[in-house]
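Q: Hi! Could you walk me through this model?

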Amino acid sequence: MKVKARTLLLGAVLAFVVCVVLSLIHPYGDVRGGTGRGDPLLAGATVPPEVLNVLTTKCADCHSSNTHWPLYSRIAPGSWLMESDVADGRSHWNMSQWQHSSAENQIQLLSRIASEARSGEMPPRNYLLLHRNAKLSPEEQDLLYGWAKSERKRLKQSSSNKQDRSSIR
Ligand code: HEC
């Protein structure tokens, strides 16, 4: 009996060591570095503090370079699932890179943000399993939707003003 317990313990330790070693592999590239880490989110956009607060607490883990990586996210194979979500999320919309998108892209993204806010499909369900408080309340859905719509309108107006000015010249 004693020998069996020791074998089990040894097996568990070995499995853990293998997982730790596998954690050194990052199939989705240097997701943990992330360009623009620590930079302000949505630089150049007009964002009221309450909107920025929702985006920072509920969306920034996957849509910015300021991802918070808890200990459990560092051990394979879970680390790979999380790195994959973050790489995918950032490739669609990275708030740390906002100022590098064209006005046209920003306008398109704001439409998508408005529709995601309204549908309540973001944050994804697997994220909510570990972050129960990240679910958007109906008030937050309205807040994000209203902001995305009005910021989109503002950008559209300012880019059409620019066009008017250049056509006069
Ligand atoms: C766990 C990571 C994660 C979190 C947290 C998260 N997203 Fe996403 N998001 C993704 C992934 C992955 C995609 C790309 C795949 C997809 O559309 O489902 C995505 C796509 C998007 C898109 C682009 C959709 C399109 O049509 O291109 C928008 C907009 C978006 N998310 C908004 C949000 C908002 C707003 C929040 C916060 C309320 C949020 N996301 C939180 C992972 C996340």
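Q: Which helix does serine 159 lie in?
A: Serine 159 is part of helix H7. Helices here are DSSP runs of H or I with at least four residues, strands are runs of E with at least two, and both are numbered from the N terminus. The model is predicted, so local features need pLDDT of at least 70, side-chain atom pairs count only at pLDDT 80 or more, and totals for chains, interfaces and linings use all residues. Residues are numbered from 1 along each chain as its sequence is written.

Q: How far is serine 159 from methionine 95?
A: Their C-alpha atoms are separated by 20 Å, and the two are 64 residues apart along the chain.

Q: OK, zooming out: how many helices and strands are there?
A: The protein chain has 7 helices and 0 strands. Its radius of gyration is 21 Å, well over the 15 Å that the globule rule gives for 169 residues, so the chain is more spread out than a compact globule. That radius is taken over C-alpha atoms, and the rule is 2.2 Å times the number of residues to the power 0.38.

Q: Which residues have the most contacts inside the largest nonpolar core?
A: They are Leu55, Cys59, Ala60, Met95, Ile113, Leu144 and Ala148, in a core of 20 residues. A nonpolar core is a set of buried Ala, Val, Leu, Ile, Met, Phe, Trp, Tyr and Cys residues joined through C-beta atoms within 7 Å. H5 gives the largest share of this core, 4 residues.

Q: What does alanine 60 touch?
A: Leaving aside neighbours within four places in sequence, alanine 60 is in contact (C-beta atoms, placed from the backbone, within 7 Å) with Leu41, Leu55, Asn66 and Met95.

Q: New topic: which residues come nearest to the ligand?
A: Cys59, Cys62, Gly89, Met122 and Tyr127 come nearest, out of 20 residues around the ligand. To be near, a residue needs its C-beta atom, placed from the backbone, within 6 Å. H3, H4 and H5 each supply at least two residues of this shell.

Definitions and conventions
Buried ≥ 20, exposed ≤ 12 C-beta atoms within 10 Å, placed from the backbone. Contact = placed C-beta atoms within 7 Å.
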